[in-house]
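Subject: Structure handover

Hello,

I am passing this structure on to you. Below it are notes on what was found, starting with the open spaces and moving on to single residues.

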Amino acid sequence: MCERVAFSVEESVSRHDFGGVIKLPEGRRNIMKLAHRMVKSFCSILSMSGNLDISQLSEVNKSGLRVSVRKSTEPGQPSGVIVSAASSLWLPLPCESIFNLFKDEKKRVQWDVLSSRNPVTEIAHISTGINSGNCISIIQPFVPTENGMVILQECCTDSLGSLVIYAPMDKPAMNLATRGEDSSNIPILPSGFIISRNGCRETGGSHNASTSANVPQSGGSLLTVVFQILVSSSSLSKEVSVKSVAGVNSLISSTVQKIKVALRCPNLD
């Protein structure tokens with residue numbers, strides 16, 4: 001956080017930005033504030049409060065998916081019913097390998113089901129620390145039906161693990177933010193990944209080398225996948241909620257499988 005604050009008060013734009021998308025120091029600082037709000041919003045929904053009493057939710061939870069359905073009326077968030085869902089899995093890889101997959105925009109097509117198998121390009125990049133993995137990006141998806149959308153993404157990594165958090169935004173809203181204008185009311189609905197180090201998985205009754213011969217020395221990593229979707233209806237009816245839960249469940253399952261394939265462990269349970 002100290003590094004992030006230090007970089008946010010830098011006056012030089014050219015040192016941290018390319019592509020000419022962010023022309024003013026005020027715009028760069030504004031994007032950093034917007035990304036920080038996105039990260040805070042992402043972390044705040046992890047408690048999954050506000051569950052509805054829907055029998056199908058308990059069945060989903062038994063499969064390892066944590067779901068919350070809530071009606072949002074707060075400033076800075078889209079208005080309507082929001083479904084949040086999260087699932088965690090163990091991967092036999094170091095944290096850095098998983099983080100490198102998510103932070104590389106050229107590899108996004110391998111896991112982002114919303115990209116419709118189309119490539120994306122990073123049109124702006126702001127460093128938030130000395131480590132090259134600590135940065136904020138504005139990403140342009142090449143999706144014919146989404147010409148008016150860009151993606152705001154923040155990546156951060158340290159000795160404990162990594163975060164990759166992103167949210168789609170309308171181009172007019174992003175243009176407003178890059179000009180340095182007030183972005184506090186721009187609605188933002190983040191999704192993303194949490195990568196924790198040493199997500200050890202027991203293989204037998206002990207942790208000795210003989211029972212963990214196939215597990216890397218690092219113990220692997222624990223990946224948590226979190227998605228949020230905005231339901232078109234403003235009603236919290238059970239019918240709408242059940243359909244939305246089914247949709248986000250399918251989204252997470254598909255994304256997890258794509259991640260396994262991209263990391264060359266598709267048969268991992």
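**The largest pocket**

Strand S5 (149-158), strand S6 (161-170) and strand S8 (221-231) each contribute at least two residues to the lining of the largest pocket. Please keep in mind that this is a predicted model. The space in the largest pocket comes to about 710 Å³. Its lining is made up of 26 residues, and those closest to the centre are Leu114, Met149, Pro168, Leu189 and Gln228. Sorted by class, the lining of the largest pocket holds 19 nonpolar, four polar and three charged residues.

**The second largest pocket**

The second largest pocket has a volume of about 370 Å³. It is lined by 16 residues, of which Met1, Arg4, Asn134, Cys156 and Asp158 are the closest to its centre. At least two lining residues come from each of helix H1 (2-8), helix H2 (25-44), S5 and S6. S5 gives the most to this lining, with four residues. The classes here are six nonpolar, six polar and four charged residues.

**The cavity**

There is one cavity of 30 Å³ or more in the structure. The largest cavity has a volume of about 40 Å³. Its lining consists of Phe102, Lys103, Asp104, Glu105, Arg108, Glu122, Ser137, Ile139 and Gln153. Helix H4 (95-103) and S4 each supply at least two of the lining residues. By class, the lining of the largest cavity has two nonpolar, two polar and five charged residues.

**The overall layout**

The protein has six helices and eight strands. Read from the N terminus, the order of elements is α-α-α-β-β-α-β-β-β-β-α-β-β-α. Of the 269 residues in the protein, 47% are buried. Among contacts between residues at least 6 apart in sequence, 62% join residues at least 24 apart.

**Helix H2**

The buried residues of H2 are Pro25, Gly27, Arg28, Asn30, Ile31, Met32, Leu34, Ala35, Met38, Val39, Ser41 and Phe42. Two of these, Gly27 and Asn30, come up again under Leu176.

**Two residues in the loop between S3 and S4**

Asn134 is found in the loop between strand S3 (120-127) and strand S4 (135-141), and Thr128 lies in that loop too.

Asn134 has a relative accessible area of 11%, and because the cut-off for buried is under 20%, Asn134 counts as buried. Its side chain reaches the backbone nitrogen of Thr157 at 2.7 Å. Beyond its neighbours within four places in sequence, Asn134 is in contact with Glu3, Ile126, Ser127, Thr128, Gly129, Cys155, Cys156 and Thr157. Cys156, in this list, is also among the residues closest to the centre of the second largest pocket.

Thr128 is buried as well, with a relative accessible area of 6%. A polar atom of the Thr128 side chain lies 3.3 Å from the backbone nitrogen of Cys135. Not counting residues up to four places away in sequence, Thr128 touches Glu3, Arg4, Phe7, Met32, Asn134, Cys135 and Ile136. Among these, Met32 is one of the buried residues of H2, and Arg4 is among the residues closest to the centre of the second largest pocket.

**Leu176**

Leu176 is found in helix H5 (residues 171-178). At 24% relative accessibility, Leu176 counts as partly exposed. Leu176 and Gly27 are 149 residues apart in sequence, while their C-alpha atoms are 8.7 Å apart in space. Leaving aside neighbours within four places in sequence, the contacts of Leu176 are Asn30, Glu181, Asp182, Ser183 and Ile186.

**Arg264**

Arg264 sits in the segment after helix H6 (238-262). Is Arg264 buried or exposed? Arg264 is exposed, with a relative accessible area of 78%. Although Arg264 is not a glycine, it has a positive phi of about 65°.

Regards

Technical notes:
Residues are numbered from 1 along each chain as its sequence is written. This is a predicted model: local features need pLDDT of at least 70, side-chain atom pairs count only at pLDDT 80 or more; totals for chains, interfaces and linings use all residues. Side-chain values use heavy atoms; hydrogens and water are left out. On a 1 Å grid over the protein atoms alone, a cavity is a set of points where a 1.4 Å probe fits but cannot get out, and a pocket is an open set with protein on both sides within 12 Å along at least five of seven lines; lining residues have an atom within 4 Å of a point. Grid points are joined across faces, edges and corners, and a volume is the space filled by probe spheres set on the points. Ala, Val, Leu, Ile, Met, Phe, Trp, Tyr, Cys and Pro count as nonpolar, Asp, Glu, Lys and Arg as charged, and the others, Gly among them, as polar. Buried means under 20% relative accessible area, exposed over 50%, partly exposed in between (1.4 Å probe, protein chains only). A polar contact is a pair of N or O atoms within 3.5 Å; within protein, one must be able to donate a hydrogen and the other to accept it, and residues adjacent in sequence count only if both atoms are side-chain atoms. Contact means heavy atoms within 4.5 Å.
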